Amino acid sequence: MNPTTPLTLSINDRLIVALDLPTVAENLALVQGLLPHGLTHVKVGMSLFYEAGPSIIKHLKTLGLAVFVDLKLHDIPNTVARTVEVLIRNGATLLNVHAQGGFEMMQQAQAKSLAMAEELGNPPASIIAVTLLTSFTAEALKTDLQQTQLSPQQYVEHLAKRTQEAGLAGVVCSAQEAGLIEKACGADFLKITPGIRLADDTERQDDQARVLTPVSALRQGATHLVVGRPIYGSASPAEAFERVLAEMKTA
Ligand code: C5P
């Protein structure tokens, strides 16, 4: 993934399939089923990573896939930087940290990505930040984080700007926030958005607070879509994958 030109990427490279099935074998079967249909990017979240271990990243890479490692790192700067090194050595092309871990932590993560690129002779892995978890309500922002001055949107915008100042490639955000972030941080700043549902299936929310179709998400400024259940939960994942791509092409 090239962090400087996300919008010149092909549509396939802007669709990231979340590998959230219960077992390693089921996730690998899903990948095998989608590869002939043009799968290029997958997301390994906490459950698959902790079940399979870091070797799953290398394995997916040998299949020709770019791997987004979604572990939402949040620790002191030195620990996060060391973890970034381990994940990049294992083949991560995109990974994320919590912006609430602080500016210094984000800067050190980014510096480590650049140092690893030099050492390995690869393009740098893109590091993105989670701003405010989409499960956070305005009330929780006030009571849990004692953030009484800013609304959730203003808080997200603030953290996105800090993320950019720290040199990171972008943020994970809801598609509803993508326009706001594009205005604050520009079109080339990555806006990677989950909560996507196919046009005829938007009543299927699962645990997502708000859902958008692929077309609306891209029109609102999302640079990449993360799609899980609408693909792996479908009777025909390959068909659903192709439908998401086809919808994206009409944006
Ligand atoms: O199944 P679904 O399409 O809702 O999956 C969305 C994926 O994006 C899941 O892997 C989920 O963990 C991830 N995600 C999210 N909301 C965030 C950050 C990540 O749904 N704010």
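The model described here is predicted.

**Strand β5**

Is β5 enclosed or open? Strand β5 covers residues 126-130, and five of its five residues are buried, so the strand is largely enclosed by the rest of the structure. Here, buried means under 20% relative accessible area. The cover is present on both faces: Ser126, Ile128 and Val130 are buried on one side, and Ile127 and Ala129 are buried on the other.

Strand β5 has a pairing partner in β4 (residues 94-98); the two run parallel and are joined by five bridges. Within this pair, Leu94 is opposite Ser126, and Asn96 is opposite Ile128. Strand β5 also pairs with β6 (residues 170-172), again in the parallel sense, over three bridges. There the bridge partner of Ile128 is Gly170. In general, the strands of a sheet pair through backbone hydrogen bonds, in either a parallel or an antiparallel way.

**Helix α5**

Does the length of α5 agree or disagree with its number of residues? At 1.5 Å a residue, its 18 residues should span 26 Å, and the end C-alpha atoms are 26 Å apart, which agrees.

The buried residues of α5 are Met105, Met106, Ala109, Gln110, Ser113, Met116 and Ala117. They cover an arc of only 135° around the axis, which puts them on the same side of α5. An α-helix has 3.6 residues a turn, so residues three or four places apart point the same way. The other side of α5 carries Glu118 and Glu119, which are exposed. The elements that cover the buried residues of α5 include β3 (66-73), α4 (77-89), β4, β5 and α7 (152-165). After the helix comes Gly121, which has a positive phi near 70°.

**The barrel**

In what order do the strands of the barrel follow one another? Eight strands close into the barrel in the order β1-β2-β3-β4-β5-β6-β7-β8, with parallel pairing. Neighbouring strands of this sheet are turned by 25° against each other on average, direction ignored. Helix α4 packs on the sheet and touches β3, β4 and β5; the direction of α4 makes about 160° with that of β3. Another helix, α11 (residues 237-249), lies across β1 (15-18) and β8 (224-227) and runs at about 150° to β1.

| Strand pair | Sense | Bridges |
|---|---|---|
| β1 and β2 | parallel | three bridges |
| β2 and β3 | parallel | five bridges |
| β4 and β5 | parallel | five bridges |
| β5 and β6 | parallel | three bridges |

**Strand β2**

Strand β2 (residues 41-45) is mostly covered, with five of its five residues buried. On one side of β2 the buried residues are His41, Lys43 and Gly45, and on the other they are Val42 and Val44. Lys43 is the bridge partner of Ala18, while His41 has Ala66 in β3 as its bridge partner. Strands β1 and β2 also belong to a β-α-β unit: together with helix α1 (residues 24-34) they make a right-handed one.

Definitions and conventions:
Residues are numbered from 1 along each chain as its sequence is written. This is a predicted model: local features need pLDDT of at least 70, side-chain atom pairs count only at pLDDT 80 or more; totals for chains, interfaces and linings use all residues. Side-chain values use heavy atoms; hydrogens and water are left out. Buried means under 20% relative accessible area, exposed over 50%, partly exposed in between (1.4 Å probe, protein chains only). Helices (H or I, at least four residues) and strands (E, at least two) are DSSP runs, numbered from the N terminus. Two strands pair if DSSP finds at least two bridges between them. The expected span of a helix is 1.5 Å times one less than its number of residues. The arc is that of the directions from the helix axis to the C-beta atoms. Contact means heavy atoms within 4.5 Å. Axes are lines fitted to C-alpha atoms, for helices over the stretch in contact, and angles run from 0 to 180 degrees between N-to-C directions. A crossover is right-handed if, with the strands pointing away from the viewer, the path from the first strand over the helix to the second runs clockwise.
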